[in-house]
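Here's a quick tour of one model, with the cut-offs spelled out along the way. Have a look at the structure, then read on.

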Amino acid sequence: MLLDSINGPEDLKELDATGLAALAHEIRAVLIQSVAKHGGHLGSNLGAVELTLALHRVFDSPRDALVWDTGHQAYVHKLVTGRREGFARLRQADGLSGYPSRAESEHDVVENSHASTALSYAFGLAVARDLTDDDAEVVAVIGDGALTGGLAYEALNNIGFGQRRVVVVLNDNGRCYAPTVSRLTAVGPEPADPRSFFTALGLAYAGPVDGHDVAALEVALRDAAAADGPVVVHVLTSKGEGYGPAETDEEKRLHDVGAFDPETGVPHSSSAASFTGAFAAKLVELGAEHPEVVAITAGMPGSTGLLDFAERYPDRCLDVGIAEQHAVTAAAGMAMRGLRPIVALYSTFLSRAWDQLVYDVGLHSLPVIFCI
């Protein structure tokens with residue numbers, strides 16, 4: 001395999017267009033086979049293959065900082081930074097982490113599993129660089145789904161206001177888990193004008209660029225790196241690219257999966273009852289009995305068991321995007337006017353909204369139900 005000759009990013013710079021295309025094909029095959037064995041994040045990585053190759057051909061990691069938001073889209077980055085052998089034990093004991101890991105490689109700048117943090121890291125890295133007279137590049141790769149989180153907007157405001165030299169790569173595939181709750185995605189049904197939004201904040205805008213065209217990506221990234229201030233490179237990718245079962249998965253493009261048959265994409269799962277399944281059924285039952293019941297999730301309606309409820313009561317199921325703080329405080333507002341909100345979140349993601357849970361819901365003694 002050509003991939004066996006890639007021991008670091010410098011090896012990518014020796015490849016011509018034919019070699020890059022062959023390598024991208026091999027990488028997708030490795031991703032499918034590896035994730036099929038132990039599970040992991042598939043769709044997002046299949047969509048980021050060419051983008052990752054272009055980033056490592058243009059920039060000089062680890063001297064130039066590449067910050068991935070979220071870390072589950074960094075599998076390809078791991079493969080081309082000397083960790084090919086460990087991929088056979090992805091997410092297993094003594095194997096590779098499913099996210100960036102500073103203990104694994106100097107190419108992993110931060111360790112992150114959730115979204116919307118990369119731009120704040122990038123701002124901090126740029127401040128440190130500027131105060132030490134360094135000339136290294138700082139690159140943040142953030143998806144349109146992650147750009148629904150409030151922290152990302154706070155960081156964009158600071159980056160643009162301070163004119164910090166940061167390259168922001170907006171990896172726009174129109175989805176987080178589900179379709180992105182935003183009008184900033186060019187893939188969505190009602191796209192706004194991203195150029196106006198970013199330039200109003202003080203960031204130059206380039207794109208949109210075909211995220212599966214390495215040559216076009218390299219041109220856009222080199223131009224951005226040569227700029228005097230912050231630049232957003234808007235890249236259009238397809239989640240699950242190159243793998244039929246992912247491309248046709250309407251719910252989440254095989255975003256995260258357990259072990260599955262790589263030929264068909266069908267999971268190796270039992271038919272045993274689950275807590276999520278029981279919750280989903282009960283929620284539908286409660287919705288029928290109580291018209292005041294509403295359900296809220298933060299970008300994950302399928303994973304938290306809300307799809308059946310959403311199908312039956314679309315006006316009473318709210319996906320607010322990757323914005324847990326907003327979800328909890330919004331639920332408080334609903335409860336103040338007589339609704340009975342049920343907030344369905346992963347426990348690790350609720351940790352981002354602890355102040356809202358305590359002060360916006362608890363302090364007001366509001367009847368908000370949390371299903372964690």
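## Ground rules

Contact here means heavy atoms within 4.5 Å. This is a predicted model, where local features need pLDDT of at least 70 and side-chain atom pairs count only at pLDDT 80 or more, while totals for chains, interfaces and linings use all residues. Residues are numbered from 1 along each chain as its sequence is written, and side-chain values use heavy atoms, with hydrogens and water left out.

Let's start with Gln356, which sits in helix H15 (residues 354-362). Helices (H or I, at least four residues) and strands (E, at least two) are DSSP runs, numbered from the N terminus. Skipping neighbours within four places in sequence, Gln356 touches Gln325, Val328, Thr329 and Val361. Its relative accessibility is 14%, so Gln356 counts as buried (buried is under 20% relative accessible area, exposed over 50%, partly exposed in between, with a 1.4 Å probe and protein chains only).

Arg195, in helix H8 (residues 194-200), is partly exposed, at a relative accessible area of 40%. Again leaving out neighbours within four places in sequence, Arg195 is in contact with Tyr205 and Gly207. Its C-alpha atom is 8.0 Å from that of Ala206, a residue 11 places away along the chain.

## H6 against H7

Two packed helices are described by the angle and the distance between their axes. For H6 (residues 118-131) and H7 (residues 150-162), the axes come within 7 Å and cross at roughly 30 degrees. (Axes are lines fitted to C-alpha atoms, for helices over the stretch in contact, and angles run from 0 to 180 degrees between N-to-C directions.) That makes H6 roughly parallel to H7, a label for angles under 35 degrees.

Who meets whom? On the H6 side there are Leu119, Ser120 and Phe123, facing Leu151, Ala152, Ala155, Leu156, Asn158 and Ile159 of H7.

## The nonpolar cores

A nonpolar core is a set of buried Ala, Val, Leu, Ile, Met, Phe, Trp, Tyr and Cys residues joined through side-chain atoms within 4.5 Å. The largest one has 51 residues, and Ile27, Leu31 and Leu42 have the most contacts inside it. Elements giving two or more residues to this core include helix H2 (17-38), helix H4 (49-58) and strand E2 (65-69). H2 gives the most, with 9 residues.

Beyond its neighbours within four places in sequence, Ile27 is in contact with Leu3, Val49, Leu53, Val76, Leu79 and Val80. Apart from this core lies another, of 28 residues, among them Val110, Leu119, Val232 and Ile322.

Definitions and conventions: Angles under 35 degrees count as roughly parallel, over 145 as roughly antiparallel, 65 to 115 as roughly perpendicular and the rest as oblique.
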